[in-house]
Amino acid sequence: MRPWYLSIGRDDGGNQIVIALKGPNHGKILFLDHEVPLDVGLHVIAPSFEAFIAGLKAG
């Protein structure tokens, strides 16, 4: 994992939920699929930490 991704959680399968601290995804929350290469295993799941938290409350 790149040093500018900070892990903020994980699922039961060992995949991480990370926040980008810099770069083109700065501030976004991403899902990191550990079973595929990093360049195809990152998926944006929220545009910001606030949106991520709001999605948890709504879901």
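**Core, loops and surface**

I looked up the largest nonpolar core and found five residues in all: Ile17, Ile19, Ile29, Ala46 and Phe52. Such a core is a set of buried Ala, Val, Leu, Ile, Met, Phe, Trp, Tyr and Cys residues joined through side-chain atoms within 4.5 Å. I note that this is a predicted model, in which local features need pLDDT of at least 70, side-chain atom pairs count only at pLDDT 80 or more, and totals for chains, interfaces and linings use all residues. Residues are numbered from 1 along each chain as its sequence is written, and side-chain values use heavy atoms, with hydrogens and water left out.

I then turned to Ile17, which is placed in strand β2; strands (E, at least two residues) are DSSP runs, numbered from the N terminus. Ile17 counts as buried because its relative accessible area is 18%, where buried means under 20%, exposed over 50% and partly exposed in between (1.4 Å probe, protein chains only). The C-alpha atoms of Ile17 and Ile29 are separated by 7.0 Å, at 12 residues apart along the chain.

I next checked Asn15, in the loop between β1 (5-10) and β2. Asn15 is buried too, with a relative accessible area of 10%. I recorded that Asn15 is in contact (heavy atoms within 4.5 Å) with residues including Gly9, Phe31 and His34, neighbours within four places in sequence being left aside.

Last, I examined Leu21, in the loop between β2 (16-20) and β3 (29-32). Leu21 is partly exposed, as its relative accessible area is 45%.

Conventions: Helices (H or I, at least four residues) and strands (E, at least two) are DSSP runs, numbered from the N terminus.
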